[in-house]
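Student: Could you show me how to read charged pairs in a model, step by step?
Tutor: Gladly; let us look at the structure and then take the pairs in turn.

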Amino acid sequence: MDASQPPPNPQRPTRTGGWMGRLWKQRVADPAHRARPARGLVPVGVVSDSAAALPEDWVRQHARFLRVVPMPVMVDEQIFSEGTDDVPTELALGLAMGKAVRTSRPAPGQMLRAYRELADAGVKEIISIHLSSALSGTV
């Protein structure tokens with residue numbers, strides 16, 4: 001092996017033939033492969049709110065077992081909802097104009113909907129991760 005070349009990846013089969021190659025191709029072709037729980041393990045779901053600031057592509061990648069509930073953003077007394085309003089623009093304008101900006105907790109019905117969606121997806125246990133109660137009214 002040439003010293004300028006990196007060592008082969010030990011997790012990936014080096015041959016494309018045989019049963020290992022077929023298995024690898026099948027695994028790569030299955031987009032839900034990483035979202036499937038292993039046999040014997042209890043599927044666990046995670047619920048958080050948008051204060052977690054999780055990357056959108058990561059949330060989409062783990063959508064089977066993850067729900068992110070949007071937190072309302074209030075600029076003065078006007079309420080904006082993530083996903084339906086242009087929150088970044090309204091937030092920037094509000095801050096530039098010296099208006100009071102704060103967040104509010106998600107509605108209890110939104111949290112319940114997230115829990116039910118995960119239960120309907122086959123999740124047996126749910127971990128709910130949120131800001132401290134000293135910082136937020138979510139929990």
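**Reading the salt bridges**

Tutor: Glu-77 has a relative accessibility of 68% and therefore counts as exposed, where exposed means over 50% relative accessible area, buried under 20% and partly exposed in between, with a 1.4 Å probe and protein chains only. This is a predicted model, in which local features need pLDDT of at least 70 and side-chain atom pairs count only at pLDDT 80 or more, whereas totals for chains, interfaces and linings use all residues. Residues are numbered from 1 along each chain as its sequence is written, and side-chain values use heavy atoms, with hydrogens and water left out.

Student: How many salt bridges does the structure hold?
Tutor: Side chains of opposite charge can pair when their charged atoms come close. The criterion is a side-chain nitrogen of Lys or Arg within 4 Å of a carboxyl oxygen of Asp or Glu, and the structure holds three such bridges.

Student: Which residue forms a salt bridge with Glu-77?
Tutor: Arg-102 does, with the closest N and O atoms 3.9 Å apart. Arg-102 lies in strand 5 (residues 101-103) and Glu-77 in the loop between strand 3 (73-75) and strand 4 (78-80), so the pair ties together parts 25 residues apart in sequence; strands are DSSP runs of E, at least two residues, and helices runs of H or I, at least four, numbered from the N terminus.

Student: Is Arg-67 buried or exposed?
Tutor: Arg-67 counts as buried at 18% relative accessibility, and Arg-67 forms a salt bridge with Glu-117, the closest N and O atoms being 2.7 Å apart.
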